[in-house]
Amino acid sequence: METPDTSSLRLADMLAGPQDGPLAGRDIALVIFDCDGVLVDSEPISERVLLAALEEAGVAVDHAYFKAHFLGRSFPRVAQSIRDDFRIALPATFESDYRERLLLAFEAELKPVAGVFDVLDRLAVRACVATSSSPPRVRRSLQLAGLDSYFGEAVFTASQVARGKPAPDLFLHAAAECGIAPERCLVIEDSLPGLEAARAAQMAVWHFIGGSHLDAEDAAPGEPPLPVFDRWDAFFDMAPQLARDTGGRTAGQGS
């Protein structure tokens, strides 16, 4: 069966005219980026390290289970899924050992998602990060990928709110800290919990499936359908109003 070209998925409908598009009627002032699988291509590394650690603890899960139950969720929610589904208590040092192994793997392998620098260089509105990752993990991920200077202190994690994704708390917290109303925010997410959280926050949201852990079959269902794209070079085709007239990097523009 032929695989659809998601780089232009729904674009013909969304870009019907110069005033139309997926952000029609929205005055966007802040783009909220998820980190893993959106800014950095980390999910295959995370999956490999986590599944190996779980196997050592006597829990065998596959790629489909990882995507359905772990992708886009904070580690406490991941651990809860393991306890609920496998009726097993993980060792007391499991989380710290996993995080240590993961950061070591990141040091050797982590890369930014292709094309994201061009988007951040040309973005005409503010930007921040809102992620389920721990503060040390996201901080080091952005540093290793060379992305940290784009966001400054505008990096928010699930540890700062009572409820992580799929609740809207993290995105609402990020918008409030940046001083932007939710209806003026655009969220870029790769995971179903993140998409659900953004919708619950009443924000515009696009599904990015350009990380190496996703493909066309992972495009989120739902009504109304979400804009979906798999290459960063499609971003300004979808939202030309968010592009600078001339290129130029503004370090820490989210702070």
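Strand 1 (30-33) and strand 2 (126-131) pair in the parallel sense over four bridges. Two strands count as paired if DSSP finds at least two bridges between them. Strands here are DSSP runs of E with at least two residues, helices are runs of H or I with at least four, and both are numbered from the N terminus. Within this pair, Val31 stands opposite Ala127 of strand 2.

The model is predicted: local features need pLDDT of at least 70, side-chain atom pairs count only at pLDDT 80 or more, and totals for chains, interfaces and linings use all residues. Residues are numbered from 1 along each chain as its sequence is written, and side-chain values use heavy atoms, with hydrogens and water left out.

## The sheet

Strands of a sheet pair through backbone hydrogen bonds, either parallel or antiparallel. In this protein, an open sheet of six strands has the order 3-2-1-4-5-6, with parallel pairing. Its edge strands are strand 3 (155-157) and strand 6 (228-229), each of which pairs on one side only.

Strand 2 also pairs with strand 3, in the parallel sense and over three bridges. There, Val129 has Val155 of strand 3 as its bridge partner. Strand 2 is largely enclosed by the rest of the structure, because five of its six residues are buried. Buried means under 20% relative accessible area, exposed means over 50%, and partly exposed lies in between (1.4 Å probe, protein chains only).

Further along the sheet, strand 4 (residues 185-189) and strand 5 (residues 204-208) run parallel and are joined by four bridges. Leu186 has Ala204 in strand 5 as its bridge partner.

Helix 8 (residues 169-178) packs on the sheet and touches strand 1, strand 2, strand 3 and strand 4. A contact means heavy atoms within 4.5 Å. The direction of helix 8 makes about 150° with that of strand 2. Such angles run from 0 to 180 degrees between N-to-C directions, and the axes are lines fitted to C-alpha atoms, for helices over the stretch in contact. Helix 9 (residues 192-200) lies across strand 4 and strand 5, at about 170° to strand 5.

## The whole protein

The protein has ten helices and six strands. Of its 255 residues, 52% count as buried. Among contacts between residues at least 6 apart in sequence, 71% join residues at least 24 apart.

## The cavity

A cavity is a set of points on a 1 Å grid over the protein atoms alone where a 1.4 Å probe fits but cannot get out. Grid points are joined across faces, edges and corners, and a volume is the space filled by probe spheres set on the points. The count comes to one cavity of 30 Å³ or more. The largest cavity holds about 250 Å³ of space. It is lined by 21 residues, and the closest to its centre are Phe70, Arg73, Tyr98, Ser133 and Arg137. A lining residue has an atom within 4 Å of a point.

Helix 2 (43-56), helix 4 (75-86) and helix 5 (94-109) are the elements that give two or more residues to this lining. Helix 2 gives the most, with three residues. By class, the lining has seven nonpolar, seven polar and seven charged residues. Ala, Val, Leu, Ile, Met, Phe, Trp, Tyr, Cys and Pro count as nonpolar, Asp, Glu, Lys and Arg as charged, and the others, Gly among them, as polar.

## Single residues

| Residue | Relative accessible area | State |
|---|---|---|
| Ser81 | 15% | buried |
| Val205 | 6% | buried |
| Arg87 | 72% | exposed |
| Gln202 | 58% | exposed |

Ser81 is found in helix 4. Leaving out residues up to four places away in sequence, Ser81 touches Tyr65, His69, Phe70 and Phe86.

Val205 lies in strand 5. Val205 and Pro22 are 183 residues apart in sequence and 9.3 Å apart in space, C-alpha to C-alpha.

Arg87 lies in the loop between helix 4 and helix 5, and its phi is near 50°, a positive value in a residue other than glycine. Gln202, in the loop between helix 9 and strand 5, has a positive phi of about 65° and is not a glycine.

A cis peptide bond joins Lys165 and Pro166, with omega about 20°. Pro166 lies in the loop between strand 3 and helix 8.

Methods: On a 1 Å grid over the protein atoms alone, a cavity is a set of points where a 1.4 Å probe fits but cannot get out, and a pocket is an open set with protein on both sides within 12 Å along at least five of seven lines; lining residues have an atom within 4 Å of a point.
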